[in-house]
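Please read them with the coordinates open.

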Amino acid sequence: MDEPEVPAYGYRVERRETGRVLYSFDVGGRTKAAAVVARDQRDRLYVRDPEGVLARDGFLGAPYVGRLRALPADAYDTGYRHRDERLWLTPGRATAYVRTSHGAEAWPRLKAGVDCD
């Protein structure tokens, strides 16, 4: 089966909030690819990649996990809140954990040299 190419450019900023941006690629008015990029206080970029676009292109330092059974034992609550989302980190900070009332996700860091400004 042929896998469609993911565009390297043409994404637009759909929404910008303090510390994060939602990028989307639309075709005919429908979103075909999207990524949320969040910045922590030390300029680390963590991303939500449910379609595996960034992972496939080798941009992630760890895997994105959309449904975690539990947070790592060494994860700590940063105190950062946005609506019902809570940000948790581990000492190594390779992955950010976003916890909501519906569960938790693991958002990996972008590899060095990859930037979404």
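Predicted model: local features only at pLDDT ≥ 70, side-chain atom pairs only at ≥ 80, totals over all residues.

The numbered points below go from the overall fold to single residues.

1. The protein chain comes to 1 helix and 8 strands. Read from the N terminus, the order of elements is β-β-β-β-α-β-β-β-β.

2. Burial and contact range. The protein chain has 117 residues, and 33% of them count as buried. Take the contacts between residues at least 6 apart in sequence: 38% of these join residues at least 24 apart.

3. Salt bridges overall. How many salt bridges does a search of the whole structure find? The search gives 6.

4. Arg 12 and Asp 26. Their side chains form a salt bridge at 2.8 Å, N to O. Asp 26 belongs to strand E2 (residues 20–27) and Arg 12 to strand E1 (residues 12–17), so this pair ties together parts that lie 14 residues apart in sequence. Asp 26 is partly exposed, at 28% relative accessibility. Arg 12 is also partly exposed, with a relative accessible area of 40%.

5. Arg 12 and Glu 14. A salt bridge also links the side chains of Glu 14 and Arg 12, at 3.8 Å from N to O. The cut-off for a salt bridge is 4 Å, so the 3.8 Å of this pair falls within it. Glu 14 has a relative accessible area of 39% and is partly exposed.

6. Arg 56 and Asp 57. The side chains of these two residues meet in a salt bridge of 3.8 Å, N to O. Asp 57 is partly exposed, with 39% relative accessible area. Arg 56 is partly exposed as well, at 40%.

7. Strand E5 (residues 76–82) pairs with strand E6 (residues 85–89). The sense is antiparallel, over 4 bridges. Arg 81 stands opposite Arg 86 in E6. The hairpin leaves 2 residues between the strands. Which residue of this hairpin takes a positive phi? It is Arg 83, with a value near 55°.

8. Asp 77. This residue lies in strand E5. Is Asp 77 buried, exposed or partly exposed? It counts as partly exposed, because its relative accessibility is 30%. The side chain of Asp 77 makes a polar contact of 2.8 Å with the side chain of Arg 81. The Asp 77 side chain also reaches the backbone nitrogen of Gly 79, at 2.8 Å. Setting aside neighbours within four places in sequence, Asp 77 is in contact with Arg 86, Leu 87 and Trp 88. From Asp 77 to Thr 90 the C-alpha distance is 9.0 Å, with 13 residues separating the two in sequence.

9. Trp 88 and the aromatic count. Arg 99 lies over the face of Trp 88. The distance to the ring centre is 5.7 Å. The structure holds 1 aromatic pair.

10. Ala 96. Strand E7 (residues 95–100) holds Ala 96. Ala 96 is buried, because its relative accessible area is 2% and the limit is under 20%. Beyond residues up to four places away in sequence, Ala 96 touches Tyr 46, Leu 87, Trp 88, Leu 89, Glu 105, Ala 106 and Trp 107. The C-alpha atoms of Ala 96 and Val 47 are 8.6 Å apart, although the two residues are 49 residues apart along the chain.

11. Glu 105. Glu 105 sits in strand E8 (residues 103–108). Why does Glu 105 count as buried? Its relative accessibility is 16%, and buried means under 20%. Not counting residues up to four places away in sequence, Glu 105 touches Arg 48, Tyr 64, Val 65, Gly 66, Leu 68, Ala 96, Tyr 97 and Val 98.

Conventions: Residues numbered from 1 in each chain as written. Heavy atoms only, no water. Buried < 20%, exposed > 50% of the residue type's maximum accessible area, 1.4 Å probe, protein only. Pairing = 2+ DSSP bridges. Phe/Tyr/Trp six-rings, centres within 6.5 Å; stacked < 30°, edge-to-face > 60°. Lys NZ or Arg CZ within 6 Å of the ring centre and 35° of its normal. Contact = heavy atoms within 4.5 Å. Polar contact = N/O pair within 3.5 Å; in protein donor to acceptor, adjacent residues only side chain to side chain.
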